[in-house]
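The sequence and model are shown first.

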Amino acid sequence: MLEVKNLCKYFGGIHAVDGCSFTAERGKITALIGPNGAGKTTAFNCISRTMAPTKGEVWLDGERIDGLRPHKITHKGLSRTFQISRNLADMTVLENVICQSQVRGWRDLFRPAMSPEEIEKAMGILEFLGITRIAHEDGSNLSYGQKKLMDLAALLMSDPKIILLDEPAGGVNPTLMEEIVDHIKKLNAQGMTVLIVEHNMELIMRLCDRVVVMAQGRVIADGTPDEVRSDPAVLDAYLGGV
Ligand code: ATP
């Protein structure tokens, strides 16, 4: 479904992503893991085109998408969250979910009116995520975990086929983490393809079908959670040996 081929992103002499190739199969949950600075977020940025890759190709359902603008990529069915929540100032959760929705291009961001259809759809998503009670709260008053759920809600507004989640459970308390895991499982059971960057290994091992491991901008292992867990190159990368 999603195919990344020889992706590279250089910042001057820093090769943040350096010839990275992997696939995320339809209907599966794939993890992209690796030590700090491995290039995971940069790879996400290049795939969703929030950043232009230096070179390489990204294919979605047989169509090359690396030259498209971010909102066009969203229209093709790929949406992503960010490591840091993008709460918009002075907006309620409901307004955030609608205005952050990547279906709207940046020019539409401050379009004042939300249509009744958008409101109905957003409320349905908030209900699915069990957070209708915070719909009219100021987005900036939310807990860290609630912001993660708000981001997930905004992501779902575009009816994506594949979602890229950047640390969806990072810094979240254990109870809320379980809730987020359940939501990801539920979405996946409905056919959603998921690509996830996460540092919590326990979560990765029980949630994902497949794990792609990056270190220093490259893919060093790719397999089932069990295969990857016992791979000497992976242990070496995490212990600082690479
Ligand atoms: P983490 O798990 O800590 O979030 P990561 O695997 O997501 O790390 P990236 O954030 O993609 O790693 O960073 C990869 C490398 O690229 C790092 O060395 C980082 O310092 C560098 N880097 C990322 N963004 C930039 C930038 N805009 N300018 C220069 N260097 C950058």
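## Strand pairing

Two strands are taken to pair if DSSP finds at least two bridges between them. The model under discussion is predicted. Strand S3 (residues 29–33) and strand S8 (residues 193–197) run parallel and are joined by four bridges. Within this pair, Ile 29 has Val 194 of S8 as its bridge partner. In general, strands of a sheet pair through backbone hydrogen bonds, in either a parallel or an antiparallel manner.

## The sheet and its packing helix

The open sheet comprises six strands with mixed pairing, in the order S6-S7-S8-S3-S9-S10. Its edges are formed by strand S6 (78–80) and strand S10 (218–223). Each of these has a single partner strand, so one side of each is left without a neighbour in the sheet. On average, neighbouring strands of this sheet are turned by 15 degrees against each other, direction ignored.

Helix H5 (residues 144–156) packs on the sheet, where it touches S6 and strand S7 (162–166). The direction of H5 makes about 155 degrees with that of S7.

## Nonpolar cores

The largest nonpolar core contains 44 residues. Those with the most contacts inside this core are Val 97, Leu 126, Leu 165, Ile 184, Val 194, Ile 196 and Leu 207. Another core, of 25 residues, lies apart from it and includes Val 17, Leu 60, Ile 162 and Val 197.

Neighbours within four places in sequence aside, Ile 196 is in contact with a set of residues including Ile 29, Thr 30, Ala 31 and Leu 32.

## Asn 45 in helix H1

Helix H1 (residues 40–47) contains Asn 45. Is Asn 45 buried or exposed? Its relative accessibility is 13%, and the limit for a buried residue is under 20%; Asn 45 therefore counts as buried.

The side chains of Asn 45 and Arg 80 are joined by a polar contact of 2.9 Å. When residues up to four places away in sequence are not counted, Asn 45 touches Thr 50, Met 51 and Arg 80.

## Ligand surroundings

The ligand is surrounded by 13 residues, of which the closest are Gly 37, Lys 40, Thr 41, Thr 42 and His 199.

Several polar distances involve oxygen of the ligand. A polar backbone atom of Thr 41 is 2.9 Å from an oxygen atom of the ligand. For Thr 42, an N or O atom in the side chain is 2.5 Å from a ligand oxygen atom. His 199 places a polar side-chain atom 2.8 Å from an oxygen atom of the ligand.

Technical notes. Residues numbered from 1 in each chain as written. Predicted model: local features only at pLDDT ≥ 70, side-chain atom pairs only at ≥ 80, totals over all residues. Heavy atoms only, no water. Helix = DSSP H or I, 4+ residues; strand = E, 2+ residues; numbered from the N terminus. Buried < 20%, exposed > 50% of the residue type's maximum accessible area, 1.4 Å probe, protein only. Polar contact = N/O pair within 3.5 Å; in protein donor to acceptor, adjacent residues only side chain to side chain. Contact = heavy atoms within 4.5 Å. Core = buried A, V, L, I, M, F, W, Y, C linked by side-chain atoms within 4.5 Å. Axes fitted to C-alpha atoms, helices over the stretch in contact; angles between N-to-C directions. Near = heavy atom within 4 Å.
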